[in-house]
Amino acid sequence: MKNCKSCGKTVSEDSKLCLSCGASVGEDQITEEEMAASELRQEQIEEKPSKKLFKKKTLIITAVLACIIITSAVAAIIHKSPKELYLLSEYKTYQKYKEEWTNKYGNSIEFQEKMMKQPSSSDMTLSGSVEMDSLGNNPDFEMIQELLSHISLSANTEQDPISKQGHYKLALNVKKENALDMEMFQSKDKLGLKVPVLYEKFFYLNFVEYGDFMRMIDPLYEGPETLEVSDLKWQDLKLTEKEQKYIQKRYAIFLLDRLEGENFKVQKGVEYKHEGETMKLREVTLKLSASETKNLVNDFMDQIIEDNKLHSMIVNRAQKVAKATAMTDDVDVLDTKEMKRQLINGLKDAKNEMKDISFPNGFSSTLLINKSEQVIDRKVTMAVGGNSDQINMNVNSKNIPYGNDQIFEEFSVALSPEKDEDSQVMFQVTNDVAVNKDTRAENLKASFMYEEYGESEEIKFAMKSDINGENGGKQNIIRHFNLNFAGGDLSDMPSAFKGTIKQESDLNLKKDYSNRKFEVKLGLEGDLDSGTVTVKLDSKTKLKDKADLPDLELDSGEGLSVVNISDHEMYKIQEEVGTNLMELGVKYGLIPEDMYQFDIYDEASYDGYYQFEDKHSDDKF
């Protein structure tokens, strides 16, 4: 390698030209091709500064345009009209609530939806106990307490929504031993029932034989000949995403068109205090006069009456519900055209009945919003009056962030007649929430108060919750609650209930299972008595590829068709059921053990009668 004498760049040993500056680096004569290459390279070198300059100009122009666009967007946001600010804040607040709901319950809802689409198996156990102070020395109650402490109910479900089949088991257990159980099987064409402790096989009915079965009971039966089982699912009633967007768009445009800008006002820099903290908020107010409110309601009713797509959504779901609840195939369901006609006539009648309703004070809604355009406080007031009466209504909601990841929530409704200041109905619920990583503490309070002619009745509920774990995953929750009654007719009830709720949940969408445990302890406090009721619930659900279902075909041996049972078979079934029922009664003390004696017999010599002997008498039955 050698260096160029002109520019100092490194060039190869056999090169005659410097590719950087084009100078000759060898003593040999430079060829025309090499000279041409050198000239081309020199031109490229000279062009570089102009290209760099062009790029710099382009970047500067782009940056200036970006600044102009951003500044314009910020100005548009800052200078939103009061109407735009009001509607946008309500929309953003709704979206936030929706997001919070999804975060909290989304996985549980998704698991339930998966259960509607694939086979699953569920096991549930319910147990409990009762303790009453006044009955502590009562021998009969002590026996009942002892029995309840050893009793539990268990249920098992195998279902396949694809084939529309389900197998359900319900058992009564005493000291964890199966005392009495029952099984039910259902498919799209038959229903089966079995009580194993009484008889080992299913008794089933084919739905196409329903008429024959009813004539076995009533020879004069003239009703439906077949049955149909509902296959209605939540998905059939749920609004589709397209339908939701249509409704949101249509009625958002309606509000934008009907609400005038002059109905809205904004006040900036409003001080709002909570728990010693002060916030600067914007206050946006919507006010409608009595006539404007009346016209808005009438226009809204007209909008619904003219909304053919909404009518189709309602009628479609109404027809599905009607078919699902009919149970028989010969029940007439109104066609779409007739149902729409009746729906529209009903809406028109409702509008006509509203002619006598007035809104004397109009409508007022005041929002206090923060910098993120989230509603912190909302107050709605209006009055609704008929021919003689007027009801004043006040609705208030709050969602106040404060402190270190704390939120105070409130919702209240107050109703009072205009002519009676001593009467009112009020409902209020508040929740003070503190969030810290995977823990959440809630302090919920609710009250319902009814006052009339100076006398009042009040119900108060309070619950503190400690929640550990992620939403929709593994969680442990402990809740302590109090329920108090005061005044009026409520004086006959226990003055207070208090207790605890313990919850354990483990939901895993990837592994397709959901396990939950609940323990509720309810304490009763009254002037005459007090005590404690305990209830425990343990449930486990697993999604699977195939459900374990019984085979009830004629040749399977698992079931008997109730329509095809012969008289001889029925006689033998009654005999076996009677014997098992009697033995069950003796086993659990319902029939005194020393009162009856079973004579052993063989089927060949049995004459058709049970022989029971009372040991305290010479009589035989």
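A contact here means heavy atoms within 4.5 Å. With that in hand, let's look at this predicted model. Among contacts in the protein chain with a separation of 6 or more, 49% join residues 24 or more positions apart. The chain has 621 residues, and 29% of them are buried.

**Overall make-up**
- On the secondary structure side, the protein chain comes to ten helices and 22 strands.

- Six side chains to click on are Leu-126, Leu-153, Leu-170, Met-182, Leu-193 and Val-535, which make a nonpolar surface patch of about 450 Å².

**Aromatic rings**
- Searching the whole structure turns up eight aromatic pairs.
- If you want to look at rings that are linked up, go to Tyr-251, Phe-254 and Phe-300, which ring pairs join into a cluster.
- Tyr-251 also has a charged neighbour: Arg-250 lies over the face of its ring, 5.9 Å from the ring centre.
- When you inspect any pair of aromatic rings, the distance of the centres and the angle of the planes are what describe it.

Conventions
Residues numbered from 1 in each chain as written. Predicted model: local features only at pLDDT ≥ 70, side-chain atom pairs only at ≥ 80, totals over all residues. Heavy atoms only, no water. Patch = residues over 30% accessible without salt bridge, like charges linked within 9 Å, V, L, I, M, F, W, Y side chains within 5 Å. Areas by Shrake-Rupley, 256 points an atom, 1.4 Å probe, with all protein chains shown as cover. Salt bridge = Lys/Arg side-chain N within 4 Å of Asp/Glu carboxyl O. Phe/Tyr/Trp six-rings, centres within 6.5 Å; stacked < 30°, edge-to-face > 60°. Lys NZ or Arg CZ within 6 Å of the ring centre and 35° of its normal. Helix = DSSP H or I, 4+ residues; strand = E, 2+ residues; numbered from the N terminus. Buried < 20%, exposed > 50% of the residue type's maximum accessible area, 1.4 Å probe, protein only.
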